[in-house]
Amino acid sequence: MLKKLNRLIGACACLLLLSSGLVYAYDYPFADPYVATVVNTPAEYAKNIPEKVPLKFGSIEMFPEREVPGVLWNFKELYYSYLRQKGPAPLIFLVAGTGASFNSSKMQGMQKAFYQAAYHVISLSSPTHPNFIVAASTSGVPGNLEEDSADLYRVMQAIWQKLQKKMEVTDFYLTGYSLGGAQAAFIARLDEQERAFNFRKVLLINPPVSLYNSVLILDKMLEQNIPGGLDNFNAFYRRAIRAFTDVYAHGNGVEFNDQFLYQAYKYRKAKSDENLAALIGVSFRISSENMVFASDVLTRAGYVVPKGLELKRHDRTTDYVKVLGRLSFLDYFKGIFLPHFQGQNPDLTEAGLISQMSLKYIEDYLRSSPKLGLIHNEDDVILLPGEIDYLRDVFGSRARIFPHGGHCGNMAYTDNVEAMIGFFRTFHTN
Amino acid sequence: MTTKGNKTMRLILMALALLGILFVTGCSTTPKQQINLEPPQHRAEDIIKKSVDYPVDVHDPMEGFNRRVYTFNYYFDKFLYLPVVKTYEFIMPDYVEKRISNFVDNVFEFNNFTNNLLQLKFKQTGITLARFLVNTTVGIAGMWDPATGLDLPRQSEDFGQTLGHYGVGNGPFIVLPILGPSNLRDTTGLAADVAAFSYVGPQDWVDDNDVTLIFNGVTAIDKRHRESFRYYQTGSPFEYDMIRMLYTTKREMEIAK
């Protein structure tokens, strides 16, 4: 009898252990990667982070001699933000994703999470952001991972010069999301030689494998999902506005804020992914317009602005918006990017340049460096089929791949924030 | 007119003079278009089609002037408005700021009331009246907003929306000094709302120049305190075009609501 009871208790204990250990449920609410990418993480699913943090802003001049055309006047100094702990603490640098500034909503979320976890934080705009292009890009031609990362590394050192008296730092860390994730890996590699920071750990969040592949995917999301093609973009825009007005008028207590898209989603769920893909495409195209225009004007490439035309601060720019709205990343690649780098190195082929815009370019380093880690999603919409498996293979046990979340959609979700913070807490997992 | 009135006048004149300087210097540097420029790789003439509508196109015949007012607003914000607002935020506890915001909103229910009525939205007019009564009494002079919790949400309407409701189009885009993006219809609406507020509304009921002056000052600071928009912080070289488009779309949505 006692034996039986013992066995029963043993079995129960086993079951309990199993259920807690194995049945790990990932309850991020959106299984559709397009919904995840657009709606992100609704407040009720997000990790609790402080609402207000003592965020400080700073600016720095990287090229005091650089002449900045009037139309780009407000980009001459590079802006950044930082959060300071009172006593000694580790410092983490954050790098924003494509087209995003140091103050984008994703960056704000990360800043707060790391500040809460007792880090000093310095947040940097993406090298594809107009401010970075004008104020801190050596070439003014963004997209080259190695060169942009070297620019970032210089900026990090310059800002650190300014802030080191204010912060007591014990260790240096680095992370970035999306394109900023890929750049973090290149910076880590550069830091192995230059040793300005000796980063202890570096985390890549949802990076592209091949930047070139990913931007082609994003271009297609816009070009293939507007019914009737881009000539009918206005009709698409009007339909979207009508739908949003409908939500605004009839949804209960709907307001225009960061929860608006979630409320819109709850009010009328999209029947297909086409509209969502188009929205992602639009957002990427707007970032590209800003980026390409800044590059064109700064380097006088004669891409959409005639060479020799000096655009002043109050000049009309609407026609450039319309023209750039029709040009893809591939157009930029062929029109500004490739010619610029071939001008520096005539032996450089198109395929050669494309291969440099990829994590595969530094695969040996990625495979061998124990300080690197990866957080990614199985269903990230900017990856080609097979690319997530490539990352899993390269990073092995250093990869944490979530079943869904699309492209960066789950970054604010509780499990993800904990994984992000947890990665830096544990030293040398192997 | 009191001396305070004169002071306000002088401030307005000073602002206008600044604006004038900006405009004159702006005009004198109007770019001379070089004629023999090599065309760019992607020419506007080849890509922009007459038959295609673009959301970014907004009727803006005074663009040169508007862009200069936009710049003026940036400097006004930077050197006067925002420092004052920051001082206010530094001195006041968040709790008091919130009470002041609620108080200001409650006084302006007057405009929501008149405009809902003018649009014959009787249910919304009733809700607005009920809100005002509940918040003024239970909410102690409007400093708290118990009405929203009682399922009486704010029914924002202004005279620009009323005009739009009856089919008045946007008219040309206008950037107003200090106040920012608008258009002819909404500027007219704003003037009508201000007139109603002053001559038949709360300001007339109180009929005290000192109170009016203080209320206007508090309102100006409170409104900027609640507005997170900062000029030239979007990171887009096309910020003017984007703001113009978004303002127009936002108003369209508010009118259609």
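User: How many bridges join β5(A) to β6(A)?

Analyst: This is a predicted model, where local features need pLDDT of at least 70, side-chain atom pairs count only at pLDDT 80 or more, and totals for chains, interfaces and linings use all residues. Residues are numbered from 1 along each chain as its sequence is written, with chains lettered from A and ligands numbered from 1 in the order in which they are written. Strands (E, at least two residues) and helices (H or I, at least four) are DSSP runs numbered from the N terminus, and two strands pair if DSSP finds at least two bridges between them. β5 (residues 169-177) and β6 (residues 201-205) of chain A run parallel, and the number of bridges joining them is five.

User: Which residue of β6(A) is the bridge partner of Y177(A), and what is the hand of the crossover?

Analyst: The bridge partner of Y177(A) is I205(A). From β5(A) the chain passes through α6(A) to reach β6(A), a β-α-β crossover. A crossover is right-handed if, with the strands pointing away from the viewer, the path from the first strand over the helix to the second runs clockwise. This one is right-handed.

User: Which residue in β7(A) stands opposite V202(A)?

Analyst: β6(A) also pairs with β7 (residues 372-377) of chain A. The sense is parallel, over four bridges. Opposite V202(A) stands L372(A).

User: How many residues of β6(A) are buried?

Analyst: A residue is buried if 20 or more other C-beta atoms lie within 10 Å of its own, exposed if 12 or fewer, and partly exposed in between, with C-beta atoms placed from the backbone. K201(A), L203(A) and I205(A) point one way, V202(A) and L204(A) the other, and all are buried. The strand is mostly covered, and the count is five of five.

User: Why is α5(A) described as roughly perpendicular to α6(A)?

Analyst: Axes are lines fitted to C-alpha atoms, for helices over the stretch in contact, and angles run from 0 to 180 degrees between N-to-C directions. Angles under 35 degrees count as roughly parallel, over 145 as roughly antiparallel, 65 to 115 as roughly perpendicular and the rest as oblique. α5 (residues 145-163) and α6 (residues 179-194) of chain A have axes 9 Å apart and pack at about 70°. That angle makes the pair roughly perpendicular.

User: Is A399(A) buried, exposed or partly exposed?

Analyst: A399(A) lies in β8 (residues 399-402) of chain A. Its contacts (C-beta atoms, placed from the backbone, within 7 Å) include L374(A) and H376(A), not counting residues up to four places away in sequence. Because 17 other C-beta atoms lie within 10 Å, A399(A) is partly exposed.

User: How many residues of α5(B) are buried?

Analyst: α5 (residues 109-118) of chain B is largely enclosed by the rest of the structure. Among the buried residues are F113(B) and N112(B). They pack against α4, α6, α8 and α9 of chain B. The buried count is seven of the 10 residues.

User: Which residue takes a positive phi in the hairpin of β1(B) and β2(B)?

Analyst: β1 (residues 173-176) and β2 (residues 180-183) of chain B pair in the antiparallel sense over four bridges. L176(B) has G180(B) as its bridge partner. Three residues sit between the strands, and the one with a positive phi, near 70°, is I178(B).

User: Which element gives the most to the side of chain B that touches chain A?

Analyst: Here 35 residues of chain B contact 41 residues of chain A. The elements of chain B giving two or more residues are α2 (44-47), α3 (63-91) and α12 (239-256). With five residues, the one that gives the most is α12(B).

Note on methods:
Contact = placed C-beta atoms within 7 Å.
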